[in-house]
Structures are given as C-alpha cells and as structure tokens.
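Subject: Structure handover

Hello,

Please find the structure below, handed over for your use. My notes on what was found in it follow.

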Amino acid sequence: MSVSTGIITEEHKRQFEEEGYFILEKVIPEEDLQIIRDSCAHLIDLMHQEMDRLGTDHIHISHRGKRYHIAKKYDQAPRLTEYVFGDLMAEICKATIGDTAYLFYDQYVVKAAEKGIKFSWHQDSGYLGFNHRPYVTVWAAVDDMTVENGTVDVLPFSKVGIRSLVEHIRDPETGDKTGYFGKEPGVTAVVPAGSLAVFSSLTFHRSGANTTDKMRRAYVTQYSPEPIFDPETGQPKHLAVPFLKGGDRVVS
C-alpha cells in the first residue's frame, strides 16, 4: 500500500498541469537523503573498480574524479529502492501521471569543477526519438544547489509557448540535444539538499556548469504511466519496472 505524505497540494498539481513543473524544498526525509548519498558513493566506487579493470579513467561520459553519469543502477546500491519506490515518489506519480506508474529510468549526475560544461535546453522526451505518452522526471538535489554549482533551470509552458514534443538538434561535439534556442531564462532551482524539481518529460530544462571546487550531486528518477516500447525492437526502452497499480505499490 502507498501512504500519502500530504506534501503535494492542489496548487502543485495545478502548476504541473498548467506549467509543466513544481519544486518541493527539503522534502526528502533525512534517512532517505543519506541512503541516496551512500548509494552514490557506492556506485562511484563500483565504477572505479570497473575503470581499474579496464585500465582507463573514463567510461562513456564518466571521467574519474571529474564527472559521473551512472544510469539504471538503482538495484545495485543498498536500500536505494526504499527511496525510488517510496511513499514520496508514489505521491508524486499519482499527482502527475496517475495511479499507474513504472520506473522508466534512474541516473546519478555528479559534476566536479567543470567550467564551461553545461547541458542545453531540452525535453527529456526529445532524447527518445519516437512518440510516447509523457512521463515525469523527479530531480533530487543531493547537495545544496546554486547557480555556481550548476543547478537545474526549468522553462514553464507559459514562457516557451508550447507543451508538445519538438524536434531537437544534436551538437556534434558534446552529443547534447537542444530543442529551445530562445532567450527565456527559466526558473532556477536554487534549493537546499533534499529538495525536488518535478517536471514533465515535455518541459524544457537545462543545467549550468559547476564552477565550484566541490562535487555537485543530483539523482534523477523518471516514471512513466505505461511501459515505453522502442518501435524498432519492440522491447521496453530503458526500464519498465512496475511501481503503482490502482494507486497502490506493486509488490514484486
């Protein structure tokens, strides 16, 4: 069974429907936040072990001591599933995509001092390349987030003027896809650790460079209202882990 935390209000639901996002400050329980931090350290250690095995300091776009993108490893860290499939995530899913939810993707994004490195305006749906029902992204601030360490910016639907999937253009140098080239600055999530930015997969967002001398950690989980199948293979894209059915947690 799922237990309501009472954190999400009708105003949050309205804002998600009308603007494509809402922000919740300091809502992750301290125990869960510590689990997320411990899991991050555990998964980075596992990546270091793999780098050592391969005799390299980078795997894909992760570079030892500089930046880490660790995806779809939620089940390889002790107790991380307690957060991923917990009451808070259940309440967010029900308030945004409904009473049926699947874990679609999870990823740690860890940035060290990387002046000049940023992530362009994009919709998460823009990275799939095929039509699908929108899903919800839950971006968790594992550390205090500032402009200087590259927090996330979110562009409300009313500012961009659209709420549908647009064609994205890939940067040949960075691999980033960009779908918005306007001058709107968006809403900057300057928030303390334990906060969440919740937004639709159709909502434009970006993150800046980390120009500080400390690591900046964020943990992203994404939930879809149904499994998302790759039209070319017929197989689920990324993950399709049952989470909610009829508003209650599915016990696997």
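**Helix α4**

In helix α4, the buried residues are L88, M89, A90, E91, I92, C93, A95 and T96. Buried here means under 20% relative accessible area, exposed means over 50%, and partly exposed is in between (1.4 Å probe, protein chains only). Helices (H or I, at least four residues) and strands (E, at least two) are DSSP runs, numbered from the N terminus. The helix spans residues 87–96 and is mostly covered, with 8 of its 10 residues buried. After α4 comes G98, whose phi is positive, near 115°.

Some notes on the source. This is a predicted model, in which local features need pLDDT of at least 70 and side-chain atom pairs count only at pLDDT 80 or more, while totals for chains, interfaces and linings use all residues. Residues are numbered from 1 along each chain as its sequence is written, and side-chain values use heavy atoms, with hydrogens and water left out.

**Cysteines**

C93 of α4 is buried, and its relative accessibility is 0%. C40 counts as buried too, because its relative accessibility is 1%. A search of the whole structure for disulfides (a pair of cysteine sulfur atoms within 2.5 Å) finds 0.

Strand β14 covers residues 216–224. It is mostly covered: 8 of its 9 residues are buried. Two strands are taken to pair if DSSP finds at least two bridges between them. Strand β5 (residues 101–111) runs antiparallel to β14 and is joined to it by 9 bridges. In that pairing, L103 has Y223 of β14 as its bridge partner. Strand β7 (residues 136–141) is also antiparallel to β14, with 6 bridges between them. Here V138 is partnered with T221 of β14.

R216 lies in β14. The side chain of R216 does reach the backbone oxygen of G150, at 2.4 Å. Leaving aside neighbours within four places in sequence, the residues in contact with R216 (heavy atoms within 4.5 Å) include V109, W139, D143, M145 and G150.

R217 does have a salt bridge, formed with D143 (2.6 Å, N to O). The two are 74 residues apart, with R217 in β14 and D143 in the loop between β7 and β8, and the pair links distant parts of the chain. A salt bridge is a side-chain nitrogen of Lys or Arg within 4 Å of a carboxyl oxygen of Asp or Glu. R217 counts as partly exposed because its relative accessibility is 22%, whereas D143 is buried, at a relative accessible area of 12%.

A218 is also found in β14, and its relative accessible area is 0%, so A218 is buried. Apart from neighbours within four places in sequence, A218 is in contact with Q107, Y108, V109, W139, A140, V142 and M145.

**Other salt bridges**

Across the whole structure, a search finds 13 salt bridges. One of them joins R79 and E31, whose closest N and O atoms are 2.6 Å apart. R79 lies in the loop between β4 (67–71) and α3 (80–84), and E31 is in helix α2 (residues 30–54), so the pair ties together parts that are 48 residues apart in sequence. R79 is partly exposed, at a relative accessible area of 39%.

D230 and K237 form another, with 3.9 Å between the closest N and O atoms. D230 is buried, at 14% relative accessibility, and K237 is partly exposed, at 22%. Salt bridges that share partners also join E11, R14 and E18 into one network.

**An open sheet**

Four strands form an open antiparallel sheet in the order β6-β13-β8-β11. At its edges stand β6 (119–122) and β11 (187–188), each with a single partner strand, so one side of each is left without a neighbour in the sheet. Within the sheet, 4 bridges join β8 (residues 152–155) to β13 (residues 204–207), and D153 stands opposite R206 of β13.

Regards

Definitions and conventions: Polar contact = N/O pair within 3.5 Å; in protein donor to acceptor, adjacent residues only side chain to side chain.
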